[in-house]
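Trainee: Please give me a close look at one part of this model: the spaces in it and what is packed around them.

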Amino acid sequence: MKLAYSPTSPYVRKVVVLLHETQQLDGVELVTRTTTPLDADAALLHNNPLGKVPALERSDGPALYDSRVICAYLDDRAQAGFYGKESRHWEIRTLEATADGILDAALLMVYEGRMRPEDKQMDAWVEGQWDKIARACDALNTRWMSHLQGPIDMGQIAVGCALAYLDFRLGSRGWREGNDALAAWQGAFDSRPSMTATRPPSG
Ligand SMILES: N[C@@H](CCC(=O)N[C@@H](CS)C(=O)NCC(=O)O)C(=O)O
């Protein structure tokens, strides 16, 4: 299998952390793709018409895209149980959706600063994205700690990657403020070998 990859993409990181945690790295070649909303990587488009990473090319079926789909596929392939069963399954999916929502808002903030000319940027819109992130961090800190402290699953991987991305791109916003339990959890999760092996390059 070939994974359309970027070392700085937090969505790709979710997939690669799962590959580490489920010992599936050997079966997947990482193929670097550089793509933005303004300049899609042409080589990526036959695997993902949306022009986004990650996308997973398979020999025995059509390419898969969107990190949630790829992670569910890889979990099933390894029979790893990272999506749990019964009520825990739906908790994990909601936790992953919360983490991905943090990422979606964070990426929009980053793109606004990078892709849009300065005179067209809209502060209120950027702050609206940050408000989503702040509310989601508060919800994780107040309602999700007991789940986060349980056995590792895909929800935890997604939250770990989302919080690390906030540190990477929006560190000055200070997501830890008022979220002590979440900050302590993140500190421990971030030192897992799968997380240290997938740190984005600085810059
Ligand atoms: N929902 C997608 C989001 C993927 C995504 O937005 N990836 C970014 C890189 S971090 C990308 O490829 N952006 C290019 C674009 O938006 O055109 C997923 O979970 O895989």
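Mentor: What follows takes the pocket, then the cavity, then the helices.

The model is predicted, so local features need pLDDT of at least 70, side-chain atom pairs count only at pLDDT 80 or more, and totals for chains, interfaces and linings use all residues. Residues are numbered from 1 along each chain as its sequence is written, and side-chain values use heavy atoms, with hydrogens and water left out.

The largest pocket has a volume of about 850 Å³. A pocket here is an open set of points on a 1 Å grid over the protein atoms alone, with protein on both sides within 12 Å along at least five of seven lines, and lining residues have an atom within 4 Å of a point. A volume is the space filled by probe spheres set on the points, which are joined across faces, edges and corners. The lining of the largest pocket has 33 residues, and Tyr11, Lys52, Val53, Leu107 and Tyr111 lie nearest its centre. Two or more lining residues come from each of α1 (10-21), α2 (67-78), α3 (86-115) and α6 (154-170); helices are DSSP runs of H or I with at least four residues, strands are runs of E with at least two, and both are numbered from the N terminus. The largest share, eight residues, belongs to α3. By class, the lining of this pocket holds 15 nonpolar, 10 polar and eight charged residues.

Ser6 sits in the loop between β1 (2-5) and α1. Its relative accessibility is 13%, so Ser6 counts as buried (buried is under 20%, exposed over 50%, partly exposed in between, with a 1.4 Å probe and protein chains only).

The largest cavity holds about 60 Å³. Its lining includes Pro7, Thr8, Ser9 and Arg13, as well as Cys161, Ala164, Tyr165 and Phe168. Both α1 and α6 supply at least two residues of this lining, and α6 has the largest share, with four. Seven of the lining residues are nonpolar, three are polar and one is charged.

The whole structure has two aromatic pairs, meaning rings of Phe, Tyr or Trp (its six-membered ring) with centres within 6.5 Å; planes under 30 degrees apart are stacked, over 60 edge-to-face, and the rest tilted. Tyr165 and Phe168 have ring centres 6.2 Å apart and planes at 55 degrees, so this pair is tilted. They are three residues apart in α6, which means about one helical turn between them. Tyr165 is buried at 5% relative accessibility, whereas Phe168 is partly exposed at 22%. The rings of Trp185 and Phe189 have centres 4.9 Å apart and planes at 25 degrees, so that pair is stacked. Trp185 and Phe189 lie four residues apart in α7, about one turn of the helix, and both are buried.

Helix α7 (180-189) is also one of the elements that the buried residues of α4 pack against, with α3, α5 (145-148) and α6. Those buried residues include Trp130, Ile133, Cys137 and Leu140. Helix α4 (residues 123-143) has 21 residues, which should span 30 Å at 1.5 Å a residue, and its end C-alpha atoms are 30 Å apart, in agreement; the expected span is 1.5 Å times one less than the number of residues.

Notes:
On a 1 Å grid over the protein atoms alone, a cavity is a set of points where a 1.4 Å probe fits but cannot get out, and a pocket is an open set with protein on both sides within 12 Å along at least five of seven lines; lining residues have an atom within 4 Å of a point. Ala, Val, Leu, Ile, Met, Phe, Trp, Tyr, Cys and Pro count as nonpolar, Asp, Glu, Lys and Arg as charged, and the others, Gly among them, as polar. Contact means heavy atoms within 4.5 Å.
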